[in-house]
Amino acid sequence: MNPVAQLPPRPSRRDILNDDASLESVSRPIHLLRIDASPRASKSNSIALTDAFVTAYTDALPAITVDVMNVWDEKLPEFDNAAIDAKYKGVAGSAMNEAETVVWNRIQALVARFKRADRIVLGVPMWNFAYPYKLKQLIDLVSQRNMLFTYDGERFGPLLETPRAMVIYTRGQEYKEDLPTPPSRFDHQSGYVEFWLHFIGVPDVRALAVENTWGNKAEASMRAAREGVAALAKEF
C-alpha cells in the first residue's frame, strides 16, 4: 500500500481557524474583513458597534489585520450592462471589451478581499425594514459563479473558506410579534444577509440585533449593546 495514502489530509484554512485553541498557533496574522453598510460615519450606530466589536477582538487576539470596507466609500461600480455582460463572458471565458474588462477587474479585486478573510464582521443598519441598497450592490458584484460559489446546472456550492462571520444589525425601534411591527412581517434585514453568507461558504454565522437605537431608549440600548459586542468578540 502506498504509505502516503495513509496520511490524514492536510487541514484547510477553515479547519485550522475553526479550532479556537489553535488561533494563537497560526503562523500568520488572522485577516478580518470588516464591512460597514452605513454612510453616516461617526453618527452611525452600526459603525459604533462594529468599532466596539473589532476593538475588543483585536485586544483579545492582537495578531490580526483588519481590512475595512465601507460600501459607501468604495466607489463600487454600477452593476450595469457592462457588468452583466462581463459576468456572462467571465463564466463563458469569452473576450471582453475595455469597459467590461475594467468592471471585471474591479469585481475580482473585491472578491479577493473576501477570499483573504479568516473572519468577516458586518455592520448593517435597517433601512425600510431591510438593508441599505449599497450593501446589495456589493453582494451583486462579488457573488459571481466560480468566484464565491459554484453551479453545475443543478446544485449550488460555496467557494469561500471563511469559517466565521459576525453580523451586527441596528434597528430604530423594537420588533416583536405582539407589537405593531412583528418580525415575521417587518424583518427583511437579517434573513437575506445570513442566507447569503451561508450560501458563499461561511458555516458559522453569528448575529446580534440591537433595537431601539433612536428615541428615549437609545442611550440605554447602545450602552448595553457595546457591552454585549465586547463579550461576543472574545468568543469569536
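**Entry 1: a bridge in the sheet.** I looked up Val121 and found that its bridge partner in β6 is Met166. I am working from a predicted model. Strand β3 covers residues 119-125 and β6 covers residues 164-170. The two strands run parallel, and seven bridges join them.

**Entry 2: helices on the sheet.** I turned next to the helices. Helix α4, residues 98-115, packs on the sheet. I noted β1, β2 and β3 as the strands that α4 touches. The direction of α4 makes about 140° with that of β2. Helix α2, residues 45-60, lies across β1, β2, β3, β6 and β7. Against β1 (30-36), α2 runs at about 170°.

**Entry 3: the whole sheet.** In what order do the five strands of the open sheet lie? I read the order as β2-β1-β3-β6-β7, with parallel pairing. The edge strands are β2, at 64-70, and β7, at 204-210. Each of these edge strands pairs on one side only. From one strand to the next, the twist averages 15°.

**Entry 4: aromatic pairs.** My count here is 13 aromatic pairs, taking ring centres within 6.5 Å. I picked out Trp72 and Tyr133. Their rings sit 5.3 Å apart, centre to centre, with 80° between the planes. That makes the pair edge-to-face. What does this pair tie together? Trp72 lies in the loop between β2 and α3 (81-92), while Tyr133 belongs to helix α5, residues 133-142, so the pair links parts that are 61 residues apart in sequence.

**Entry 5: the largest pocket.** Last, I checked the pockets. The largest pocket holds about 180 Å³ of space. I found 13 residues lining this pocket. Which of them lie nearest its centre? They are Arg40, Asn45, Pro125, Thr170 and Thr213. By class, I noted seven polar, four nonpolar and two charged residues in the lining.

Note on methods: Residues numbered from 1 in each chain as written. Predicted model: local features only at pLDDT ≥ 70, side-chain atom pairs only at ≥ 80, totals over all residues. Heavy atoms only, no water. 1 Å grid on protein atoms, 1.4 Å probe; cavity = no way out; pocket = protein on both sides within 12 Å on 5 of 7 lines; lining within 4 Å. Points joined across faces, edges and corners; volume = space filled by probe spheres on them. Nonpolar A, V, L, I, M, F, W, Y, C, P; charged D, E, K, R; others polar. Pairing = 2+ DSSP bridges. Helix = DSSP H or I, 4+ residues; strand = E, 2+ residues; numbered from the N terminus. Axes fitted to C-alpha atoms, helices over the stretch in contact; angles between N-to-C directions. Contact = heavy atoms within 4.5 Å. Phe/Tyr/Trp six-rings, centres within 6.5 Å; stacked < 30°, edge-to-face > 60°.
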